[in-house]
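Please walk me through this protein model, from its overall layout to its individual contacts. Keep it brisk.

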Amino acid sequence: MPRTIVEFLHRDAPVVAQSDAVGHALELLLDCDLPAIPVVDDDGRYAGIFGEREFITALFPGYVSSLKHAGFVPKSIDTVLEKRQTCRIEPVGKHMNTEHIDVPPDFSDV
């Protein structure tokens, strides 16, 4: 029997605020083993997501839309962060994805 989208996706995830630093959001993202985490506004309402794609965009602003692959990124993210130190302290809200996609709770993974 196919699982519903709710069964497939229901996991506890850390939440970051729009004003939290990218470095903090990245630590939470890596610790939770999810591709993205929710971002909330100052009132605690959902504002968007911050994930792997948004992090790469934060590291390489202006370049991501023209990239075909990320083979140039070294295996050590610390090396990349050293080259772009300001990224670590930029607010998550500057880089989060605000695209909204509605999926009904009974949507099947089949």
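The paragraphs below go from the whole chain to its strands, core and charged pairs.

This is a predicted model, in which local features need pLDDT of at least 70, side-chain atom pairs count only at pLDDT 80 or more, and totals for chains, interfaces and linings use all residues. Residues are numbered from 1 along each chain as its sequence is written, and side-chain values use heavy atoms, with hydrogens and water left out.

Start with the fold. The protein chain has 5 helices and 3 strands. Helices (H or I, at least four residues) and strands (E, at least two) are DSSP runs, numbered from the N terminus. Their order along the sequence is α-β-α-β-β-α-α-α. Of the 110 residues, 28% count as buried. Buried means under 20% relative accessible area, exposed over 50%, and partly exposed in between (1.4 Å probe, protein chains only). The accessible surface comes to about 7800 Å², computed by the Shrake-Rupley method with a 1.4 Å probe; for residues, only the protein chains shown count as cover. Carbon and sulfur atoms hold 56% of that surface. A contact means heavy atoms within 4.5 Å. Among contacts between residues at least 6 apart in sequence, 53% join residues at least 24 apart.

Next, the strands. Two strands pair if DSSP finds at least two bridges between them. E1 (residues 16–17) pairs with E2 in the parallel sense over 2 bridges. Here Val-16 stands opposite Val-39 of E2. E2 and E3 run antiparallel, joined by 5 bridges. In one of these, Ala-36 has Gly-51 of E3 as its partner. E2 and E3 form a hairpin with 5 residues between them. Gly-44, in the turn, has a positive phi of about 80°.

Now look inside. A nonpolar core is a set of buried Ala, Val, Leu, Ile, Met, Phe, Trp, Tyr and Cys residues joined through side-chain atoms within 4.5 Å. The largest one has 18 residues, and Val-16, Val-39, Phe-50, Phe-55, Cys-87 and Val-92 touch the most other members. At least two residues come from each of H2 (22–32), E2 (36–40), E3 (46–51) and H3 (52–59). H2 gives the most, with 5 residues. Buried residues in H2 include Val-22, Ala-25, Leu-26 and Leu-29. Leaving aside residues up to four places away in sequence, Val-16 touches several others, among them Ala-25, Leu-28, Ile-37 and Val-92. Just after H2, Asp-33 takes a positive phi of about 60°.

Finally, the charged pairs. A salt bridge is a side-chain nitrogen of Lys or Arg within 4 Å of a carboxyl oxygen of Asp or Glu. The whole structure has 4. Lys-94 and Glu-90 form one, at 3.6 Å from N to O. Lys-94 is exposed because its relative accessibility is 56%, whereas Glu-90 counts as buried because its value is 12%. Glu-90 lies in the segment after H5. Its side chain also makes a polar contact of 2.6 Å with that of His-95. A polar contact is a pair of N or O atoms within 3.5 Å; within protein, one must be able to donate a hydrogen and the other to accept it, and residues adjacent in sequence count only if both atoms are side-chain atoms.

Arg-53 and Glu-54 form another salt bridge, with the closest N and O atoms 3.4 Å apart. Arg-53 is exposed at 52%, while Glu-54 is buried at 6%.
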